[in-house]
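Dear colleague,

Please find the structure below, followed by an account of what was found in it. I would be grateful if you could read the two side by side.

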Amino acid sequence: MNESAGSRLRKLLKEKDPLQVVGVINACCALLAQQAGFKALYLSGAGVANAAWGLPDLGITSLADVTEEVRRITGCVNLPLLVDGDTGWGSGLNIQHTIHEFIRAGAAGVHLEDQFWPKRCGHRSGKRLISSQEMVDRLKAAVDARSDPNFIIIARTDALGIEDLGAVIQRAVEYEKAGADMIFVEAVTDLEHYRQFAKAVQVPVLANITEFGQTPLFSVSDLKSVGVKLILYPLSAFRAMNKAALNVYQTIRTKGSQSTVIDTMQTREELYQLLDYYKYEQQLDS
């Protein structure tokens, strides 16, 4: 029997301290991340909304939208994929359905957050929290729905900046007791806060290192020193891709040729190697 994606991610968490998990917005990016040597991947809800639909991360996209991208990525690479589950898209029954669908699509784990639906970006103002008890109910629904006991359920809290640190730590403790396999504290501004969360819970603590938000760009060594076990880089490549694409579009539009930016592009041969093009071509010709 093949080892599940959740089992593989749990094994990596034991082997890598901390484990770096890089965000991908589609299957081609998953191939690039694999080529760069990453062992685990992440699919951001914002990434799906922004890249696939041209929409902001405000709870507009659906479970089906995210699950389709999960299938495409897990069908392309064999690296475990952690998925942004937002608030689970509804009640306990909806959350159970979300877990079923993600497992069927080949995901290794999901994080659920303690915001009201529709949620907001974790680094924006105006976030509204549900009670810790409501979040505990969400987590219990998710844990009960697992057909694969190794599928990872991560509790994300957006309470920092809304509640005092002690209250946020108490949320983390309650979420662990509800069955969360990991704690994800969003929008951390002080490195030492990670240390306090790592001391308060027995499960791994995750750091989300996203650019242009409230969290400084702490290094791997910084985060390891305070007990962080998994580091997310959710949209780093996506931001770079957008900047590069805009530069190419503007250059072609203003100069009438792409010749001055050709050195910034992936070559045809590099793309063919990434996609294993020649193998497919040989099968077509045989």
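A patch is made of residues with over 30% relative accessible area and no salt bridge, where like charges are joined within 9 Å and nonpolar side chains (Val, Leu, Ile, Met, Phe, Trp, Tyr) within 5 Å. A salt bridge is a side-chain nitrogen of Lys or Arg within 4 Å of a carboxyl oxygen of Asp or Glu. Accessible areas come from the Shrake-Rupley method with a 1.4 Å probe, and for residues only the protein chains shown count as cover.

This is a predicted model, in which local features need pLDDT of at least 70 and side-chain atom pairs count only at pLDDT 80 or more, while totals for chains, interfaces and linings use all residues. Residues are numbered from 1 along each chain as its sequence is written, and side-chain values use heavy atoms, with hydrogens and water left out.

On the surface, L275, Y277 and Y278 form a nonpolar patch with about 240 Å² of accessible area together. Y277 belongs to helix α12 (residues 277–285); helices (H or I, at least four residues) and strands (E, at least two) are DSSP runs, numbered from the N terminus. With a relative accessible area of 32%, Y277 is partly exposed, a class between buried (under 20%) and exposed (over 50%), with a 1.4 Å probe and protein chains only. Y277 also forms one aromatic cluster with Y272 and Y278.

Turning to the interior, a nonpolar core is a set of buried Ala, Val, Leu, Ile, Met, Phe, Trp, Tyr and Cys residues joined through side-chain atoms within 4.5 Å. The largest such core has 68 residues, of which L41, F102, I183, Y194 and L223 touch the most other members. Helix α6 (residues 132–145) supplies the largest share of this core, 6 residues. Another core, of 17 residues, lies apart from it and has L9, A40, Y42 and I154 among its members.

The whole structure holds 5 aromatic pairs. Rings of Phe, Tyr and Trp (its six-membered ring) pair if their centres lie within 6.5 Å; planes under 30 degrees apart count as stacked, over 60 as edge-to-face and the rest as tilted. W89 and F102 are edge-to-face, because their ring centres are 6.3 Å apart and their planes stand at 85°. W89 lies in the loop between β3 (81–84) and α5 (92–104) and F102 in helix α5, so this pair ties together parts that are 13 residues apart in sequence. W89 is buried at 13% relative accessibility, and F102 is buried at 0%.

Y194 and F218 form an edge-to-face pair, with 6.3 Å centre to centre and 85° between the planes. Since Y194 lies in helix α8 (residues 191–200) and F218 in the loop between β7 (205–208) and α9 (220–225), the pair ties together parts that are 24 residues apart in sequence. Y194 is buried at 0% relative accessible area, and F218 is buried at 13%.

Helix α8 also contains K199, which is exposed at 65% relative accessible area.

L235 sits in the loop between β8 (230–233) and α10 (236–255) and is buried at 8% relative accessibility. Not counting residues up to four places away in sequence, L235 touches I25, S44, A46, G47 and E211, where contact means heavy atoms within 4.5 Å.

With kind regards
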